[in-house]
Every structure is written in C-alpha cells, then in structure tokens.
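Let's take a look at the aromatic rings in this one. Have the model open while you read.

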Amino acid sequence: MDPAEYSREIESYLCRKNEGHLIRIVGPAFEQVCGWATLGVPLKIAFRGIDQYCERYYAKGPRRRPVRIEFCEADILDLFDSWRRAIGVGAVGTAATPTEPAARKAPLSAHIERAVARLTALRAGGKRSSEFAERIDAAVRELDHLAADARAARGDRRAAIVDRLEALDGDLLEAAAKETELEASSVAALNREAEAELAPFISRMPQQALDRARTAAFQRLLRDAFGLPVLAYE
C-alpha cells in the first residue's frame, strides 16, 4: 500500500476511535506513520495497536482530549514484533528471520488456564455449529486436566503436555478451516489478506520460508476470525 494511502487509512480509523473527532496526520506524525508502512506493519496490526492504547486510555476515566497517533506507536511496534516472530519474517530491510528475544512466557499452567477461559467465553457466544462447539467442549475438558498436571510436571511429562497443546491447537484450527465452519469465499478472503500482509516481504524470502509464512499468516487470521486462543506453548 502506498504510504500516503496507508496514512489515510490510519487517520480514518483513529477518527472512528475518537468518536468522529478528526486529528489530521501531518508533519512528523505523517512521517512516523509512513515509517510503519515502510517497515511493512500490516494495517490490522496498526489498528490493533490503536485499540490497545485506547483501551488503556479509556480505563483511566473520562477522556479529556482525543488520542493522537503518536501515542500509539509503542503498542503498534510491540504488536508488529510479535506478529513477525509468529509469521517468521523480519522487518523490511533486515534479515528474513527476526532475532529479537521473545517476551517472557507465562507459567505453563497459567497459559493453559487462560486458554480455557478464552475457549469457554467463545463457547458461550453460541455463534458456531454444534460440531465445532463439541470440539471446543472436548478441548476444554482436556485442557482442564492438562492444567492440573502442568502445575507439577517436569521433564518428559512437561514436554508431553507441551506437545499435546500443539496438537490441540492444530486440531482446532483444522476444524475452523473446514467449509462447514467457514465458507469458501471467506477462506479465499483470508488468503488474500494474508498475501497482502506479506507483500512487503515476499521479494526477499526463500520459497520455503515464504510458504511457511503464508500458512502462518492464514492461520493467524483464521484464529482471529474465530476468536481462538493460541494453545501451543513455545
């Protein structure tokens, strides 16, 4: 996307978050936003960073002034780093594999408990087919047992729990991708969106790495579409 168009999209989104109050992105702020476009920050990641900042801002009480885009940069770049690690790409102009250390992980049992909470909330929404709901119920039951075991698991037992979490994660994504859960047109739309997100990086990625990145990008978008938590513990 052209940096100027990218900036207009950000400006429009921020206007909506500010309840219609338009803050023009010009001067240094425009250069800042164009820098995100040059780095390859997907629009959805930028939007999520704006959401994240606004949630904290609103939580402090009645707001006194509209949010400016400059305030959102730290959230946007943090989310972009997480996205690059998940997809397996580097920022434009850097090596294809990011080298930044991952954030400190939560304990295994806490990770599982958070996943159970997310899946339980998703199940309560009742927006999916009965078959998919049954898959969620079965996953929650198994995760409950794994969480209890994870608190004291060490060595091979802990490794087995981590392996099972990865398998469960794949099972739920596979179930979500089935045509009974997601129309073929929606699958095509997610694939197009994944391709658009990767566009700034494609020319410098080996084919094998690109194939992995496409799969990871699609799965991330699919996960977001269904509100699925990440079960895998890496």
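## Ground rules

A quick word on burial: buried means under 20% relative accessible area, exposed means over 50%, and partly exposed is in between (1.4 Å probe, protein chains only). The model is predicted, so local features need pLDDT of at least 70 and side-chain atom pairs count only at pLDDT 80 or more, while totals for chains, interfaces and linings use all residues. Numbering starts from 1 along each chain as its sequence is written, and side-chain values use heavy atoms, with hydrogens and water left out.

## The tyrosine neighbours

Rings of Phe, Tyr and Trp (its six-membered ring) pair if their centres lie within 6.5 Å; planes under 30 degrees apart are stacked, over 60 edge-to-face, and the rest tilted. That rule gives seven aromatic pairs. One of them is Y57 with Y58, tilted at 45 degrees between the planes and 6.1 Å centre to centre. Y57 is buried, at 18% relative accessible area, whereas Y58 is partly exposed, at 31%.

Ring pairs also join Y57 and Y58 with Y53 and F71 in a cluster.

## A link across the chain

W83 and F201 make another tilted pair, 5.8 Å centre to centre with 45 degrees between the planes. Here the partners are 118 residues apart: W83 sits in helix α4 (residues 73-87), F201 in the loop between α8 (184-198) and α9 (207-226). Helices are DSSP runs (H or I, at least four residues), numbered from the N terminus. W83 is buried, with 2% relative accessible area, and F201 is buried too, with 0%.

Conventions
Helices (H or I, at least four residues) and strands (E, at least two) are DSSP runs, numbered from the N terminus.
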